[in-house]
Amino acid sequence: MADFQTALLTAIELVIRLDPDLMEIVWLSLRISLLAVLFAALIGLPLGAAIALWRFPGRRVLIVLLNAAMGLPPVVVGLVVYLLLSRAGPLGHAGLLFTPTAMVIAQCILVIPIIAALTRQTVTDLHEEYDEYLRSIGCGALRSISTLLWDGRFRLLTAILAGFGRAIAEVGAVLIVGGNIQHVTRVMTTTIALETSKGNLALALGLGLILITLAVAVNATATAVSDTARRHHG
Amino acid sequence: MADGLARTLPAAAPAQRGSTGDSLLPLVLDRICYSPDGKTVLNDINLELSHGLRTVILGPNGAGKSLLLRLCHGLLKPTSGRISWAGKSAALAAARQGMVFQRPVLLRRKVADNIAHVLAAKGVRRKDRDALVLTSLENAGLAHLADRPARTLSGGEQQRLTIARACVCDPDVLLLDEPSASLDPAAARAVEELIVRIHASGTRIIMTTHDIAQARRLAEEVIFLHHGRLLEHSPAEAFFTAPRDPAAARFIRGELID
């Protein structure tokens with residue numbers, strides 16, 4: 001118990017004096033996850049909207065797969081990306097394995113299904129409501145999609161936040177494709193795993209505190225967003 | 001009060017745009033049947049509407065009034081038969097019509113942006129939109145609410161907004177589906193007054209209602225629909241004093257018809 005208290009105090013001290021090692025890790029984690037979510041949103045939003053609006057064979061199966069993919073095991077995604085990027089793999093020549101880029105790719109794959117599935121649901125619901133109005137005014141396909149995405153903006157923002165929450169907290173995929181190399185691919189979750197096994201509880205706890213704070217902040221933002229939406233737009 | 005209003009306004013400004021030769025009228029429905037999933041809900045509807053009258057499609061709930069309006073606007077395709085607006089197909093003619101639904105469909109945006117959305121969809125240039133939005137809101141008595149989120153308006157304000165939105169591009173024909181069915185009397189009166197003003201400015205009105213009192217206030221001609229059949233098409237005065245159809249007569253007396 002005394003060990004834990006000492007560790008916790010050291011952890012808090014590390015956070016308060018913005019320890020450079022700690023900050024380097026936090027900054028890399030944020031950069032990787034924010035980039036992953038950015039690309040996942042660029043792919044997931046139009047993909048979700050397209051699945052919501054177009055009828056094509058196999059659509060229902062795709063929706064089931066997409067919803068299931070929200071729970072993809074990160075280690076499996078890590079393994080697949082590892083195989084693709086490893087020297088013998090199809091994308092091996094690019095030399096991306098054990099780089100932050102590989103970690104962005106892995107997290108992006110984990111987040112796309114979350115954003116796409118929630119976008120599909122949002123756009124489907126809104127389309128049901130707006131369809132006759134949009135057809136009545138002769139709204140074209142592109143403008144219809146942008147109308148639905150804009151009017152679903154609050155729910156979509158919540159979906160993006162959920163994606164960020166998954167990316168920043170995930171450990172399996174980035175550990176496999178990043179390799180947890182000091183000063184290169186070491187992020188919060190992988191460092192916690194490593195330092196805990198080494199017995200360096202202070203750094204692990206410090207990062208844990210920051211992760212929890214981030215999770216709370218993300219959820220608070222999501223709640224504030226949906227409250228605003230309800231208040232203003234019913 | 002709205003009763004009085006409807007009578008004191010000029011009967012019609014008959015088809016001002018009809019004389020320019022590019023009007024959408026006459027509307028001709030030729031042996032229209034509509035049977036989704038094999039169940040016939042509109043049966044052999046024949047109809048011709050030409051003058052600039054206010055037409056009310058009257059009938060009990062489930063008569064097929066809303067479907068008929070949607071078919072005319074091109075939102076649904078008839079199973080058989082032909083609809084033409086001055087020779088044009090329903091889909092083509094829709095661009096010069098406005099449509100108001102029973103439940104207001106409002107975008108999750110500000111009141112003014114709801115109007116601007118239609119203008120953008122119709123290709124009105126950005127710099128011309130503001131003035132049109134303002135005029136349209138003023139006509140509907142909503143200018144003071146321009147910056148409010150549309151969905152926080154009261155039911156009556158919401159419906160007047162959808163009417164203003166449907167009219168912002170100055171349509172030849174305004175179609176309204178039970179526009180005041182879920183409103184309290186004061187809000188319904190405001191909606192009726194707006195409809196009468198829009199009609200007076202030269203827009204052809206075709207609306208549905210199941211409310212006999214409203215039909216009496218607004219109708220210049222009545223189309224009576226029951227069980228998917230068009231049973232009577234008469235001038236309003238004739239319809240309400242001496243209906244030819246027995247079911248219509250009982251409906252006007254306020255009896256439950258089946």
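In chain B, B:Leu174 stands opposite B:Ile205 of strand 8. The model is a predicted one.

**The open sheet of chain B**

- Strand 7 (residues 173-177) and strand 8 (residues 204-209) of chain B run parallel and are joined by five bridges.
- An open sheet of six strands is formed in chain B, in the order 6-7-8-3-9-10, with mixed pairing.
- At its edges lie strand 6 (97-100) and strand 10 (229-235) of chain B, each of which pairs on one side only.
- From one strand to the next, the twist averages 15°.
- Helix 2 (residues 65-73) of chain B packs on this sheet, where it touches strand 3 (54-58), strand 6, strand 7, strand 8 and strand 9 (221-226) of chain B.
- The direction of helix 2 of chain B makes about 150° with that of strand 7 of chain B.

**Antiparallel pairs in chain B**

- Strand 1 (residues 27-34) of chain B runs antiparallel to strand 2 (residues 42-49) of chain B, and five bridges join the two.
- In this pairing, B:Ile32 has B:Ile45 of strand 2 of chain B opposite it.
- Strand 1 of chain B is also joined by five bridges to strand 4 (residues 80-85) of chain B, again in an antiparallel arrangement.
- Here B:Leu27 stands opposite B:Trp85 of strand 4 of chain B.

**Helix 4 of chain B**

- Helix 4 (residues 111-121) of chain B is largely enclosed by the rest of the structure, because eight of its 11 residues are buried.
- The buried residues of helix 4 of chain B are B:Val111, B:Ala112, B:Asn114, B:Ile115, B:Ala116, B:His117, B:Val118 and B:Leu119.
- These buried residues pack against helix 5 (126-139) and helix 6 (155-167) of chain B, together with helix 6 of chain A.

**Contact between the chains**

- Across the two chains, 15 residues of chain A are in contact with 16 residues of chain B.
- On the side of chain A that touches chain B, the elements giving two or more residues are helix 5 (100-136), helix 6 (141-151) and helix 10 (201-233) of chain A.
- Helix 5 of chain A provides the largest share of that side, with six residues.
- By class, the residues on the side of chain A that touches chain B comprise four nonpolar, six polar and five charged.

**Chain A**

- Chain A contains 10 helices and zero strands.
- The C-alpha trace of chain A spans about 70 × 50 × 25 Å along its principal axes.
- Of the 234 residues in chain A, 39% are buried.
- Among contacts in chain A between residues at least 6 apart in sequence, 78% join residues at least 24 apart.

**Helix packing in chain A**

- Helix 2 (residues 20-53) and helix 10 of chain A pack at an angle of about 45°, and their axes are 11 Å apart.
- Helix 2 of chain A is therefore oblique to helix 10 of chain A.
- The crossing of helix 2 of chain A with helix 10 of chain A is right-handed.
- A:Leu22, A:Ile25 and A:Val26 of helix 2 of chain A meet A:Leu203, A:Gly206, A:Leu207 and A:Ile210 of helix 10 of chain A.
- This contact of helix 2 with helix 10 of chain A has six nonpolar residues, one polar residue and no charged residues.

Key: Residues are numbered from 1 along each chain as its sequence is written. Chains are lettered from A and ligands numbered from 1 in the order in which they are written. This is a predicted model: local features need pLDDT of at least 70, side-chain atom pairs count only at pLDDT 80 or more; totals for chains, interfaces and linings use all residues. Two residues are in contact if their C-beta atoms, placed from the backbone, lie within 7 Å. Helices (H or I, at least four residues) and strands (E, at least two) are DSSP runs, numbered from the N terminus. Ala, Val, Leu, Ile, Met, Phe, Trp, Tyr, Cys and Pro count as nonpolar, Asp, Glu, Lys and Arg as charged, and the others, Gly among them, as polar. A residue is buried if 20 or more other C-beta atoms lie within 10 Å of its own, exposed if 12 or fewer, and partly exposed in between; C-beta atoms are placed from the backbone. Two strands pair if DSSP finds at least two bridges between them. Axes are lines fitted to C-alpha atoms, for helices over the stretch in contact, and angles run from 0 to 180 degrees between N-to-C directions. Angles under 35 degrees count as roughly parallel, over 145 as roughly antiparallel, 65 to 115 as roughly perpendicular and the rest as oblique. A crossing is left-handed if the near helix is turned anticlockwise from the far one by less than a right angle, and right-handed if clockwise.
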